[in-house]
Amino acid sequence: MTQKDGLREIPFRPSRRQIVSGIASLGVLTGGGVRHAFGQAPKRVPIPEGDFVALPIAIPNFVAGTPADAEVGAGVTQVITNNLKRSGLFNPIDPAAYIEHITNIDTAPQFANWKTINAQALVTGRMTRQPDGRLKAEFRLWDVATGQQLTGQQYFTSPEYWRRIAHIISDQIYERLTGEKGYFDSRVVFVDESGPALRRVKRLALMDQDGANVRYLTKGSDLVLTPRFSPSTQEITYMEFGQGDPRVYLLNIETGQREIVGNFPGMSFSPRFSPDGQRIVMSLQQGGNSNLFVMDLRSKSTTRLTDTPAIDTSPSYAPDGSRLCFESDRGGKPQIYVMPAAGGPAQRISFGDGSYSTPVWSPRGDYIAFTKQGGGQFSIGIIKPDGSGERILTSSFHNEGPTFAPNGRVLMFFRDPGGNDGASLFTVDISGRFEQRVPTPGFASDPAWSPLLS
Amino acid sequence: MKVKVDKTLVASVALHVLVIGWGLVSFSSKAFESMPEESLPVDVISADQLAHVTAGMKTGKKENPKPLAEKVAEARPVDDAVGKISEKPPVVTDASPPPTPKVEEKPVEKKPDPPKPVAEAKPKEEPKPIEKKPDPPKVDPIAEALKKEEKKPPPKPVAQAAPPQPPKPKTERSFDQTKIAALLDKRDPTRQAIAGDTLNSNAALGLSHGKAADNSATWGTMFQSQVERCWKKPFGGIESQNPEIVFDIRLKRDGTLEGAPIPEGTPATPYLRVYQESALRAIIECQPYNLPAAYFDEWKYFAPVFTDHKT
């Protein structure tokens with residue numbers, strides 16, 4: 001009876017807890033998460049997302065198909081681990097924590113062993129030297145929670161390109177787990193600097209995006225600046241101080257063949273390819289001013305794009321080739337402008353304090369990166385092509401020359417600490433969260449990221 | 001040369017060194033650890049919103065299939081379940097002609113309060129015999145009394161008429177505020193016992209807690225904080241992609257999944273697919289869930305919505 005008496009009270013007097021939970025649940029109700037509290041459809045419970053957390057991933061050493069392949073297996077694993085870690089989006093788990101030793105990639109791993117160490121993704125792979133001398137690389141990407149294989153591929157290559165295979169596998173993993181295109185199978189051309197501060201030797205150099213396989217493209221007798229990759233061919237364009245005025249050159253990185261772009265009076269500088277690789281847009285000096293010109297590489301015909309009594313420079317095409325962004329001091333201080341690719345009225349998009357320079361359009365088209373000078377600092381930032389959404393990613397004594405990774409998610413730039421020390425290369429993602437130094441043999445500046453190689 | 005050493009000075013220095021040294025060691029230990037408390041989302045709401053939350057729902061689940069019954073007897077419906085139970089209906093009927101009409105009689109005529117929603121859900125198959133009984137006598141005595149009063153004056157105009165009659169109309173016309181209390185019905189409200197074939201003390205047919213049955217804020221927050229430990233949200237860039245990924249999940253009493261979570265809909269973009277997979281991983285990885293057993297009926301089957309909409 002006492003129980004019944006207790007029950008009788010409930011309908012008329014909601015307990016304090018019920019009132020509190022009722023109040024709290026109102027947040028849920030008014031939030032629109034609940035469209036139907038009862039009925040057939042289950043109750044909707046919103047899980048608002050928290051902060052981004054790097055994905056814990058286990059990458060045990062690739063299995064050696066033959067005993068001789070153990071070294072390359074470990075090397076590929078190391079490159080993949082390094083790539084994913086440097087992206088800032090993955091948290092490779094220390095191999096010392098692994099419980100299971102992968103010996104055969106053709107059977108499913110014991111996922112419980114990988115759950116224990118909190119891995120959410122697992123990469124298994126095998127490197128096998130083929131009888132014909134080629135190298136066979138296989139990998140599988142597993143979802144540890146569901147036990148599903150997310151992706152798997154096999155590749156054949158010459159043994160000397162094992163790093164490239166590792167980059168391609170990294171891209172596959174990155175793309176499958178982030179939903180974005182990868183950028184690891186790409187290269188960077190930059191200006192390698194060596195020697196004392198007053199007599200720096202500057203050479204053009206080429207390397208993988210992770211700093212490996214450095215190759216020098218020029219001997220260092222002449223000063224080189226602002227190298228730029230062709231989006232479609234194995235060519236770079238750059239500015240070189242030769243005997244007279246600085247000139248824009250074109251260099252084939254496979255053959256080493258070099259040629260001057262156009263034959264203009266005065267200096268030509270800050271060249272960049274059009275998205276189809278058929279044209280080069282650059283600045284030509286005319287007295288105290290400079291204007292933008294575009295030159296067709298086949299017909300060698302030159303078209304003037306701007307005609308102002310100001311310094312217009314650093315042009316960069318939108319990925320669809322319809323527009324150009326460039327730097328101009330026509331408003332007093334250097335600012336970023338956008339105009340149609342064929343010339344026409346330019347629209348200023350940067351309005352912050354300080355001056356803006358070296359604009360470069362993202363391969364995705366969504367942002368323009370720039371160097372901003374103000375307040376005694378140089379910052380690298382991004383801004384939308386319509387002038388909104390300006391975002392400073394990193395600031396220091398001297399940062400300059402941003403260049404986008406092929407997926408438009410990461411920027412590389414150079415940072416000069418001042419004094420006798422030279423510049424070094426850094427990457428930063430477009431959220432500004434993950435900043436990394438890129439290893440180079442010496443000092444390095446003016447990086448330019450290539451498109452994806454494959 | 002002999003140096004005179006003051007013993008008290010030495011003792012003082014030694015003591016100071018000891019105390020300060022001990023203080024350095026003992027106070028430099030780590031700060032006390034404070035366990036972070038789990039937080040609950042709190043919203044400030046208006047009384048109106050609270051009423052909305054606690055309001056009953058006609059479409060709600062019927063928790064008590066039987067109607068309220070306080071007494072085993074022939075089923076008898078009730079209009080109002082408020083008030084003291086009395087065995088007999090208190091019908092005050094005074095057929096005898098009163099010298100002055102009593103004010104207290106009038107409230108008898110008053111019908112009880114309009115029926116409350118509680119009563120609506122109850123079967124009303126039977127008529128209301130008790131309620132109607134008092135009606136005829138109520139009307140009659142007054143009518144009779146009036147008739148008698150009308151009749152009375154003509155026969156006795158001389159003897160009694162002069163003093164009592166003038167004040168009578170006065171009391172009716174003049175309104176004395178101080179005597180309002182006299183007009184009130186001072187009896188306790190009474191009603192009939194609600195009879196049924198079996199006893200049932202639950203007054204309502206629906207759930208006992210109205211819309212407040214939605215305790216999802218309580219266990220939903222617990223589920224959220226637990227699933228978040230395992231959720232490695234993919235990085236979607238700096239622009240919000242407004243993901244909203246829904247799963248239907250069924251949990252067992254021990255907090256483990258009864259089956260694989262069923263995603264609602266197919267993600268439209270690669271990022272949303274990755275987002276969905278990451279949420280699925282989190283749900284699977286973080287089981288068993290420690291949720292209040294009292295609300296098992298609510299969380300045994302629900303749909304977590306993974307979203308970046310801040311609610």
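Start with the crossing of α3(A) and α5(A), which is right-handed in this predicted model. To see it, select residues 70–87 of chain A for helix α3 and residues 162–178 of chain A for helix α5. Their axes come within 9 Å and cross at roughly 45°.

On the α3(A) side, pick out A:Val72, A:Gly75, A:Val76, A:Val79, A:Ile80, A:Asn83, A:Leu84 and A:Ser87. Their counterparts in α5(A) include A:Trp162, A:Ile165, A:Ile169 and A:Tyr174. Colour the contact by residue type and you get 11 nonpolar, 5 polar and 1 charged.

Next stop: a sheet. Select β27, β28, β29 and β30 of chain A, which in that order make an open, antiparallel sheet of 4 strands. Look at the edges for β27 (399–404) and β30 (435–438) of chain A: each has a single partner strand, so one side of each is left without a neighbour in the sheet. Ignoring direction, neighbouring strands here are turned by 30° against each other on average.

Zoom in on residues 410–415 (β28) and 424–429 (β29) of chain A, an antiparallel pair joined by 6 bridges. Click A:Leu411, and you'll find A:Val428 of β29(A) opposite.

Finally, zoom out to the whole of chain A, with its 5 helices and 31 strands. Of its 454 residues, 47% are buried. Among contacts in chain A with a separation of 6 or more, 43% link residues 24 or more positions apart.

Notes
Residues numbered from 1 in each chain as written. Chains lettered and ligands numbered in written order. Predicted model: local features only at pLDDT ≥ 70, side-chain atom pairs only at ≥ 80, totals over all residues. Helix = DSSP H or I, 4+ residues; strand = E, 2+ residues; numbered from the N terminus. Buried ≥ 20, exposed ≤ 12 C-beta atoms within 10 Å, placed from the backbone. Contact = placed C-beta atoms within 7 Å. Axes fitted to C-alpha atoms, helices over the stretch in contact; angles between N-to-C directions. Left-handed = near helix turned anticlockwise from the far one by under 90°. Nonpolar A, V, L, I, M, F, W, Y, C, P; charged D, E, K, R; others polar. Pairing = 2+ DSSP bridges.
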